[in-house]
Each structure stands twice: as structure tokens, then as C-alpha cells.
Amino acid sequence: MSDGIVYWLQQILNALQLGSIYALIALGYTMVYGILTMINFAHGDVFMIGAFFCFMAATMLGLPFAPTLLLTILGTALLGVVIERLAYKPLRNAPRVSAIITALGVGLFLENFTLALAPYPKHIPPLLENVTWDLGGVSLSSLQVIIICLSLGLMIVLDYVVHRTPVGMAMRAISWDKTFVPLMGIPVNLIISITFAIGAGLAGAAGTMYALAYPVIDPYMGIMVGWKAFISAVVGGIGNIRGAMIGAFILGGVEIMVTAFFPSTYRDFVAFSLLMLLIMIRPYGILGQPRTQKV
Amino acid sequence: MTALLRNHWDWLLEQRWLLPVLVAIGFILAFAIPEYNLLNKYVQLVLMYVGINIILAVSLNLVNGYMGEFSLAHAGFMAVGAYTAALLTMKVLPIAAYPGLFPLAVLAGGLAAALLGLLVAIPSFKVRGDYLAIITLAFLMIVKSVIENIDFIGGPRGIPGIKKLTTLPWVFFWVVVSIWMVRNFVYSKYGRGVLSIREDEIASDLMSVNTRRVKFLAFMTSSFFAGIAGGLFAHLLQFISPRVFDIIKTTDILIMVYLGGIASITGSILGATLYTVMLEVLRPSTVAGLLSWLPDMVFNPLNEYFIRHLGVWRMVIMPLLLVLVMLYWPRGIMGLREFRGFIPRRDREAHHVLKIPKSGEMP
Amino acid sequence: MTTLLEAAKVRHFFGGLCAVGDFNLDLQAGQLMGIIGPNGAGKTTIFNLITGVYRASEGNIRFNGTELVGKTPHQITALRIGRTFQNIRLFRDLSVLDNVRIAHYAQANYSPLEALFHIGRYRREEERIIENSQRLLSIFKLEALAGETARNLPYGMQRRLEIARALAIGPELLLLDEPAAGMNPNEIDQLMEFILWIRQEFKLTILLIEHQMKLVMGICERIKVLDFGETLAEGPPEAIQNDPKVLEAYLGEGPVG
């Protein structure tokens with residue numbers, strides 16, 4: 001293969017890896033937004049906690065990959081439910097912005113609490129034997145394959161759950177109408193808890209994979225990744241699950257391509273300028289529906 | 001007794017001389033404190049940070065509280081003001097010969113920020129709510145990224161060695177100006193326009209409010225004072241870099257605004273003061289100092305286990321406090337309420353004193 | 001009499017959907033005209049087209065000879081067209097007085113700089129606005145509630161406040177969107193009297209949308225029956241009541257009393 005194609009394939013692979021991680025986190029933002037029209041700014045920090053759970057499971061309990069991943073997902077899912085019950089539920093009828101600020105507060109709490117317990121960055125031990133294959137010049141690592149396949153698998157499962165199961169139907173119903181759906185006998189609180197559990201669980205999975213790919217973790221790692229995932233959700237059309245996935249791969253792609261062509265310091269500049277432009281042209285995102293206000 | 005106090009208090013608030021006298025006393029103190037070292041250097045420094053944070057919170061409240069949008073760009077405007085002012089005092093203005101030029105540099109920083117504020121106002125014509133929040137976030141990131149990529153202004157390394165020109169009187173001056181102007185703005189037709197946009201933008205437009213103009217003005221005023229605060233901040237910290245003005249800085253200001261209360265100048269003053277002072281008070285050295293009067297028998301174990309680790313845990317306590325405040329006062333401590341002294345007399349009276357002969361001829 | 005508001009061949013589409021087909025209107029100064037029609041007949045859309053919330057896809061709307069199509073709502077409102085809303089849209093968290101003061105925006109003649117420093121024309125203009133607002137509130141017997149938050153008023157008072165707010169614009173033309181919604185027959189009687197009185201007192205031309213036949217037939221001089229924006233019939237109440245087309249399409253069978 002020519003060098004050009006090899007280079008491109010390599011970049012696309014990198015974009016897929018980054019995009020998968022963004023997508024897993026973006027799903028949590030978009031699901032919570034869909035059901036509560038609330039931006040859960042603590043979500044990026046749940047992702048960070050996921051990475052730390054992974055660290056604890058791997059070092060303190062000495063578990064291998066699969067149980068570590070499972071424990072992390074369960075742990076973050078529980079954390080998501082607890083956060084919702086303690087901090088957001090009492091504010092469900094309060095002004096929307098108080099819930100957002102509360103979420104910011106919860107996020108700060110998670111960051112600083114982790115910092116208090118783990119003041120120095122932690123190294124994740126290699127949980128998987130990393131094999132690198134050389135495919136005609138394109139180097140493909142087993143880690144990349146696992147990250148991409150596992151993420152895609154989780155997304156397919158989620159898409160199935162949301163579109164094909166009773167729980168998913170209830171979720172979509174609540175996001176559609178908050179006044180009458182509770183009257184139909186749908187247990188709203190339970191469904192909201194499930195939404196938070198799924199969203200946080202996916203963030204936990206993302207945390208684990210991120211920790212494997214970039215093995216130095218610190219309490220502030222969730223901020224930037226969280227914001228980027230949030231942007232992915234918006235680009236795709238916030239509240240729209242498939243949109244969040246598409247948005248995440250677009251953002252991952254843009255970031256990788258910008259770094260390929262420009263000095264890496266331009267990455268944020270280009271990514272955010274594109275975002276600004278997109279919102280100006282299509283404020284409701286790629287798959288979102290415009291909401292018209294009745295006069 | 002309380003009734004008597006209350007009467008005196010009411011009487012005091014009705015006096016026209018009250019605010020000018022308070023401001024005059026403030027100025028005398030602002031000059032006297034550093035001159036005669038009435039307070040130690042550390043407390044003076046904290047006071048200056050409190051002042052700068054008040055300017056930031058009051059100005060952000062205009063957009064986030066009064067207008068009800070969720071702007072995340074405030075640290076970006078602050079950065080623009082800080083860099084403009086710092087470059088002026090370091091490279092352009094002959095500050096060494098004429099230190100009196102400092103306020104000009106700060107003013108220029110404010111104007112530069114206001115200009116960018118105009119730019120951010122434009123998307124707000126079309127986009128509202130969460131999407132506008134993201135545009136302001138993108139704007140903040142772009143400002144940061146642009147600064148990082150200009151070598152001339154230090155790139156990611158920032159600008160070290162800025163002269164320490166910010167003094168207590170200057171901070172106090174700008175605090176008074178920002179409070180006064182934001183209050184003037186709020187109690188004018190433009191300010192009422194801002195409020196009506198928060199309540200119902202379409203109805204506001206249909207009641208003849210030029211919503212675009214009002215948004216321009218609100219964003220400009222808000223970013224102007226963020227720029228002023230940035231200039232003061234740069235000449236106090238004596239070092240600026242893009243990392244100083246990132247999303248965490250914006251989050252700090254947001255917390256001050258929503259902790260103190262939306263659409264309330266009093267709230268922003270309270271929020272900024274509480275937040276800044278609390279963070280300082282919770283420093284191990286401060287707590288140790290405050291508790292040093294305790295007998296050693298009590299103090300030593302406390303110091304051993306609690307105070308020494310407070311440095312880390314204070315950052316855990318603060319967000320918890322914020323969440324608790326939000327749960328009990330979702331609109332912040334002073335949300336939608338105002339200290340009477342800040343409301344122009346004309347406005348206060350208009351709500352309960354009839355200025356016209358009563359007609360009431362409706363059938 | 002002169003024509004105050006004139007609409008010619010106005011059409012409006014939402015996406016591909018035709019909401020207003022071919023709307024024509026000739027409203028004389030001082031007239032009180034009612035628009036009736038089944039739900040979805042495009043009545044509120046007409047108000048939104050006149051006030052600039054929507055921009056008409058085709059056609060012209062002229063007010064005092066000025067073309068309104070293409071102007072923004074606040075420009076149109078400033079030409080002295082006031083309106084109320086089908087479902088009350090007060091500024092709910094603001095005081096009763098501020099609700100009325102906000103509607104003085106276009107008349108308040110001072111610049112942003114004068115506002116920021118409270119100098120120049122600011123003082124005089126603000127005093128004038130306060131006086132005018134208080135006068136309106138007192139006419140509507142709301143002056144004692146000036147400091148009350150609008151959301152705390154009972155329903156009937158909110159309706160009154162909305163009309164007071166619309167009048168604060170100093171309108172020549174007042175558009176009332178279902179003013180009798182949610183009222184009992186007794187209240188409707190009062191409302192009819194009230195509309196006739198404000199019309200006299202403020203020298204208004206009034207265009208109103210209403211479902212309550214009692215009100216429309218009782219006070220309107222002319223009635224326009226709409227279906228998808230097209231005029232089915234137009235004339236004085238007696239003529240409309242006996243128009244076979246109207247009876248069939250809208251009022252159902254048999255005479256209406």
C-alpha cells in the first residue's frame with residue numbers, strides 16, 4: 001500500500017478509538033438530557049471515577065480484565081443512581097439551572113474527593129496482553145480492537161434496549177411527555193434511575209477503556225473528556241441516542257485529523273470553531289428535531 | 001427593642017446620604033488599610049480577591065441571572081481583559097514613569113472584552129438555552145486556544161513578571177463602579193427588557209422590546225466588567241497564562257453567582273464574598289491560626305488529624321456546601337431578591353406610592 | 001372612514017402545509033371586528049402574521065399605509081399595535097407594575113449611556129413611564145397590587161393585566177386573542193361591557209378572535225368567518241347569523257340565538 005493510504009488508515013483507526021470513548025460518555029449525557037432535559041455536568045467525573053474503580057479493582061483486588069470491567073460498570077452505575085437520588089431528584093421541579101449548578105457541584109465534589117484520597121496520578125497495570133499486528137504498514141493493536149469492538153457492542157445493545165424493550169419504550173415516553181406519562185402507570189422514578197444507571201455504567205466502561213489506552217489517570221481527567229463528550233452529544237442532537245454516537249465519531253475524527261495536519265495546539269481551536277459553526281447553522285444538531293415554540 | 005432597631009434601620013435606608021457616605025468610608029478605609037497596615041498583608045490580598053470576584057459575579061449575573069441565559073464564557077472575557085491590560089502596561093504605556101496610566105490599561109482591557117462580548121451576543125439572537133451555553137463554552141475554548149497559539153504573548157507559557165499595580169483603592173473603585181453601573185442598567189428600560197427576555201422572549205418582542213439591542217447591551221456590559229476584573233487580576237497575580245482562565249475559572253464564577261442568588265446584586269456580592277472567604281478560611285494555616293488560642297491539649301490532636309489535611313478537604317467541603325445550598329434555596333441565597341438600598345428610590349416608591357390622582361373608572 | 005389595517009392575498013405555509021390560504025382584510029379605523037372560525041382555521045396565525053411573529057410567505061399587510069411584512073415584532077408593535085395572547089403570557093416572575101412598564105420600551109426615549117449613568121433624559125422619561133403605568137393600573141383597578149408578582153394574581157386579574165400591558169404600548173389597534181377564554185357567562189357580560197368601554201376610552205380599533213358566540217354577536221360590528229385563512233363570509237352579526245354557508249360550515253345546523 002502507498003504511504004498515503006497507510007497514513008490515512010492509521011488516522012481513521014485512531015479516530016475510531018477516540019470516537020468510541022467519546023460516544024460511550026456522550027450516551028450518558030444524551031440519555032439524561034432526553035429524559036430530564038438536564039445537562040448532567042457531573043457525568044465526565046463519573047467517567048473519571050470509572051477509571052479509578054478500574055485502578056482499584058486491578059491493583060487492590062488484582063482482578064483480570066473482564067471482572068474489572070464488570071465491577072467498574074456496576075460501581076459507576078450505582079454511583080449514578082445515588083447521585084440522582086440524593087442531588088437531582090429533590091430539584092426536579094426547581095428552576096432548571098439549579099439542577100445544572102448542582103451537577104457542577106457534584107462534579108467538583110467527585111474530583112476533589114478523589115484528589116484528597118489519591119493526590120498523585122496513578123498508573124494502571126496492563127490488564128491485557130497488548131499484541132500489535134502489522135497490516136501492510138498499518139499497525140493495529142489488540143487493545144484498539146477491543147476498545148472499538150466493545151464500545152460498538154455496548155452501543156448496539158443500548159440501541160436495542162432503547163428501541164425494542166419495554167424499559168426503552170418507557171424512557172422514550174417520558175422524554176416525550178412528562179405530564180401524562182406518569183398517569184399511564186409508568187414508574188417514572190424507577191425509569192429515571194435505570195437511565196442514570198445505564199448512562200453511568202457506560203461512562204464506567206469508557207473510563208476502564210480509557211485507562212487501558214492511556215494508563216496514567218488523575219482526578220481531573222474527566223473534565224476535558226467530559227466536555228468533549230458533551231459536545232459530541234450536542235453535535236448529534238442532544239437527547240438523540242444515535243445522534244450522540246455519530247457526533248462522537250465526528251468529533252473524534254475532526255480532532256485526529258486536525259492533529260494530523262496542524263500543530264496539535266490547534267486541535268481545540270478547530271474543533272470548537274466547527275462546533276460553533278454547526279450550532280449556528282443547525283442549532284438542534286445533526287439528528288435532532290427543531291423545537292418550535294407555540295405562540 | 002427589635003421594633004425600635006427596625007425603625008432606625010428603615011429610617012437609615014431612606015436617607016439619600018447613606019450610599020455616598022458608605023462609599024466614602026469605603027474609600028477612606030481602602031486608602032488607610034495599606035497605608036497604615038491596619039490589616040496584615042495576607043488579609044489585604046484576600047480583600048482584593050474578594051473585590052475582583054464581586055466584579056466578576058455581579059457582571060456575570062447580568063447575563064446568567066437577570067437574562068436567564070447560561071454563559072460559560074466569562075473567564076474568556078476576563079482573559080481578554082487581562083492580556084490587553086498586561087500587554088499595555090508592559091509593552092506600550094510608560095508605566096514606570098507614569099503609574100497613573102494603570103486605570104487606562106484596565107479600561108482598555110474592559111473595552112476589548114466588551115468588543116468580544118458583542119461577538120458572543122450575535123449567536124444569542126438565534127440560539128437560546130443549552131445551545132447558547134455551548135456556544136459560550138466554545139468561545140471560551142477558542143479564546144484560550146488562540147492565546148496558546150500566539151507566541152508574541154507567551155503562548156501556553158503565559159506572561160510572567162507583570163507589575164503589581166493593583167491596589168486596594170483601585171479594586172474598591174472598580175467594585176463601586178461595576179455595582180453602580182450594573183444596578184443602573186438593571187433599573188432602566190434596557191434592564192427591564194433583559195428581565196422580560198428571561199420571562200418570555202416572544203412576548204417581550206411583542207411588547208415593543210428590541211430584544212437584539214437589549215442582548216447586545218447586556219453582553220457588552222457583562223463582558224466589559226469581566227475584562228476590568230481580568231486587568232485587575234493580572235496586575236495582582238503578576239502572572240497570567242491561558243490555563244489561569246479555563247473552564248474551572250468560569251465554574252468558580254458560576255458558583256459565586258448561583259450560590260449568592262440569581263438576578264440579585266446583593267446576592268452576587270454575598271456569593272463572591274462567601275466563596276472567596278470560605279476557601280481562604282478553610283486553609284490549614286488560617287484555621288490553625290484561628291484556633292491557636294485553644295489549649296495545646298485540644299489543639300494538638302486537632303491539628304494532627306484535621307487541620308493539616310484541610311488543604312485538600314476544603315475543596316471537597318465547598319462543592320458539598322454548594323449542593324446543599326441549591327437543595328434548600330434553588331435560586332440561591334438571595335435569588336430574585338434585592339437589598340432595598342440598591343433599588344433606586346423611584347423604583348421602590350413606584351410599587352406602592354401612587355403618583356397620580358386615583359381614577360379607577362373601569363366599569 | 002379610513003382603512004387602518006389592510007391585508008391582501010396573504011398566504012402562509014408551515015413547511016409544505018398551508019396554514020393561511022388567501023387572507024384579505026379591510027379594517028376601518030374605529031371599527032370593532034371579530035374573527036371566528038373552527039379550531040385550526042388559522043385565526044391565531046393571522047395575529048402572528050400581523051404582529052410579525054411569522055413572516056407571511058406571500059401577500060401584503062399594511063397598517064396606516066406602512067407595509068408590515070418583513071418587519072420584526074418590536075418594530076410592528078412600536079407602530080402602535082398591541083395584542084394579548086390566547087393563553088396568558090405575562091412576565092410571571094415580575095411585578096405587576098414592571099409588566100406594564102416593560103411595554104413602554106419603545107416610547108421611553110433615552111440612550112444606553114443615559115441608562116448606564118442615570119443621567120440626561122433618563123429621570124424624566126422614567127417618571128413619565130411610572131405615571132402612565134400607574135394610571136393604567138388604576139384604571140384597571142390593579143393599582144393596589146402594583147408590587148405583587150404577576151403569577152400570584154387570580155386568573156381574571158391576569159387577563160385584565162394583560163390588556164393593561166397591551167394598552168401601555170399606546171395602541172391604535174388592539175388585537176385580542178380569545179379574551180373570554182375560561183370565563184363564565186356572567187363574566188363574559190362584564191367583559192363585553194369592558195371591551196366597549198376601553199374602545200371608547202382609548203379610541204381603539206379592535207380586532208378580536210373569539211369562540212364565544214355571545215360575545216362576538218353581542219359587540220362586534222363586523223364579523224369575519226375564516227376557514228384555513230380564507231374568508232367564508234363577512235358582514236354584520238345579523239347577516240352572519242343567517243348566512244347559509246356559515247351555518248353549514250361552522251355554526252352547525254339551525255339558527256343560532
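Chains are lettered from A and ligands numbered from 1 in the order in which they are written, and residues are numbered from 1 along each chain as its sequence is written. Because the model is predicted, local features need pLDDT of at least 70 and side-chain atom pairs count only at pLDDT 80 or more, while totals for chains, interfaces and linings use all residues.

**Chain B against chain C**

- Helices are DSSP runs (H or I, at least four residues), numbered from the N terminus.

**Domains of chain C**

- Chain C is divided into domain 1 (1–71 + 173–252) and domain 2 (91–170), with bounds that come from an automatic or database domain assignment.
- The C-alpha centres of domain 1 and domain 2 of chain C lie 27 Å apart.
- Five residues from domain 1 of chain C and five residues from domain 2 of chain C take part in the contact.
- On the side of domain 1 of chain C that touches domain 2, three residues are nonpolar, one is polar and one is charged.

**Helix packing**

- Two packed helices are described by the angle between their axes and the distance between the axes. Axes are lines fitted to C-alpha atoms, for helices over the stretch in contact, and angles run from 0 to 180 degrees between N-to-C directions.
- The axes of α3 (residues 41–66) of chain B and α11(B) come within 8 Å and cross at roughly 165°. α3(B) and α11(B) are therefore roughly antiparallel to each other (an angle over 145 degrees).
- The crossing of α3(B) and α11(B) is left-handed, meaning that the near helix is turned anticlockwise from the far one by less than a right angle; clockwise is right-handed.
- Residues making this contact include B:M48, B:I52 and B:L56 of α3(B) and B:F219, B:F225 and B:L232 of α11(B). By class, the contact of α3(B) with α11(B) has 16 nonpolar, three polar and no charged residues.
- In chain C, helix α5 (residues 122–139) and helix α6 (residues 155–168) pack at an angle of about 145°, with their axes 10 Å apart. α5(C) passes α6(C) in a right-handed crossing.
- C:S133, C:L136 and C:L137 of α5(C) meet C:A164, C:L167 and C:A168 of α6(C) in this contact. Five of the residues are nonpolar, one is polar and none is charged.

**Two residues**

- A:A233 lies in helix α8 (residues 221–236) of chain A. A:A233 counts as buried because it has 35 C-beta neighbours inside 10 Å; the cut-offs are 20 or more for buried, 12 or fewer for exposed, and in between for partly exposed.
- Leaving aside neighbours within four places in sequence, the contacts of A:A233 include A:A26, A:Y29 and A:I238.
- B:V176 is in helix α8 of chain B. With 18 C-beta neighbours inside 10 Å, B:V176 counts as partly exposed.
- B:V176 and B:G51 are 9.5 Å apart in space, C-alpha to C-alpha, and 125 residues apart in sequence.

Note on methods:
Two residues are in contact if their C-beta atoms, placed from the backbone, lie within 7 Å. Ala, Val, Leu, Ile, Met, Phe, Trp, Tyr, Cys and Pro count as nonpolar, Asp, Glu, Lys and Arg as charged, and the others, Gly among them, as polar. Helices (H or I, at least four residues) and strands (E, at least two) are DSSP runs, numbered from the N terminus. Angles under 35 degrees count as roughly parallel, over 145 as roughly antiparallel, 65 to 115 as roughly perpendicular and the rest as oblique.
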